[in-house]
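Visitor: Please take me through one part of this chain in close detail. Pick a single element and then place it in its surroundings.

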Amino acid sequence: MSVSDDVREIDPRGGAAASAPADSKPEVDSEPADGGPDDPASTATPAVPDLGLLEQEGEVAADYLEGLLDIVDLDGDLDMDVDGDRAVVAILGSGLERLVGSSGETLDALQELTRLAVHQSTSVRSRLMLDV
């Protein structure tokens, strides 16, 4: 067989290309990729949370909140934890009612700002939970 008789086949899964004779038919996978019970993607286990990333989220959030507490001149201790698949940061102390606001609107806004600060630092969408 000469070089001109070879046809390059491209593996759709990104593997190495294989050579096949020009007169042969390419192999076709007869199994449909419909996500059925034999599809490995449909039986994959749920992702396990990365504790290192969650701890990093907590550290970034604590740094951000510490700076904010300094700006508004409030004293509070920060407690970081991981609860399931979420980083949890709590601000503990007295006189922190201003951080909660009426009906918790201020706390909700502060939690969202903290999540945005974590996202900016880690490039990962955070599900961080803030407690005051």
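Guide: Take helix α3. Its buried residues are L107, L110, Q111, T114, R115, A117, V118 and T122. Around the axis they cover an arc of only 160°, so they sit on the same side of α3. The face turned away from that buried side carries the exposed residues D108 and Q120. This is a predicted model.

Now the helix as a whole. α3 has 18 residues. From its first C-alpha to its last it reaches 26 Å, close to the 26 Å expected at 1.5 Å a residue.

What does the buried side face? The buried residues of α3 pack against α1 (51-71), β4 (86-92), α2 (97-100) and β5 (129-131).

Q111 lies in α3, which spans residues 105-122. Its relative accessible area is 17%, under the 20% limit, so Q111 counts as buried. The side chain of Q111 reaches the backbone nitrogen of L130 at 2.9 Å. Beyond its neighbours within four places in sequence, Q111 is in contact with L128, M129 and L130.

D83 belongs to strand β3, residues 77-83. At 48% relative accessibility, D83 is partly exposed.

Next, the end of the helix. Just after α3, S123 takes a positive phi of about 60°. S123 is not a glycine. Most residues other than glycine have a negative phi. S123 lies in the loop between α3 and β5. With 62% relative accessibility, over the 50% limit, S123 counts as exposed.

D73 is found in the loop between α1 and β3. Its relative accessibility is 67%, so D73 counts as exposed.

The largest nonpolar core has 15 residues. Those with the most contacts inside it are L65, V89, I91, L99 and L130. α1, β4 and α3 each supply at least two residues of this core. The largest share, four residues, comes from α1.

Not counting residues up to four places away in sequence, I91 touches L65, L69, G76, D77, L78, L96, L99, L130, D131 and V132.

Finally, the whole chain. There are three helices and five strands. From the N terminus on, the elements run β-β-α-β-β-α-α-β. Buried residues make up 23% of the 132 residues. Of the contacts with a separation of 6 or more, 47% join residues 24 or more positions apart. The accessible surface comes to about 9600 Å², and carbon and sulfur atoms account for 51% of that surface.

Note on methods. Residues are numbered from 1 along each chain as its sequence is written. This is a predicted model: local features need pLDDT of at least 70, side-chain atom pairs count only at pLDDT 80 or more; totals for chains, interfaces and linings use all residues. Side-chain values use heavy atoms; hydrogens and water are left out. Buried means under 20% relative accessible area, exposed over 50%, partly exposed in between (1.4 Å probe, protein chains only). A polar contact is a pair of N or O atoms within 3.5 Å; within protein, one must be able to donate a hydrogen and the other to accept it, and residues adjacent in sequence count only if both atoms are side-chain atoms. Contact means heavy atoms within 4.5 Å. The expected span of a helix is 1.5 Å times one less than its number of residues. The arc is that of the directions from the helix axis to the C-beta atoms. A nonpolar core is a set of buried Ala, Val, Leu, Ile, Met, Phe, Trp, Tyr and Cys residues joined through side-chain atoms within 4.5 Å. Accessible areas come from the Shrake-Rupley method with a 1.4 Å probe; for residues, only the protein chains shown count as cover.
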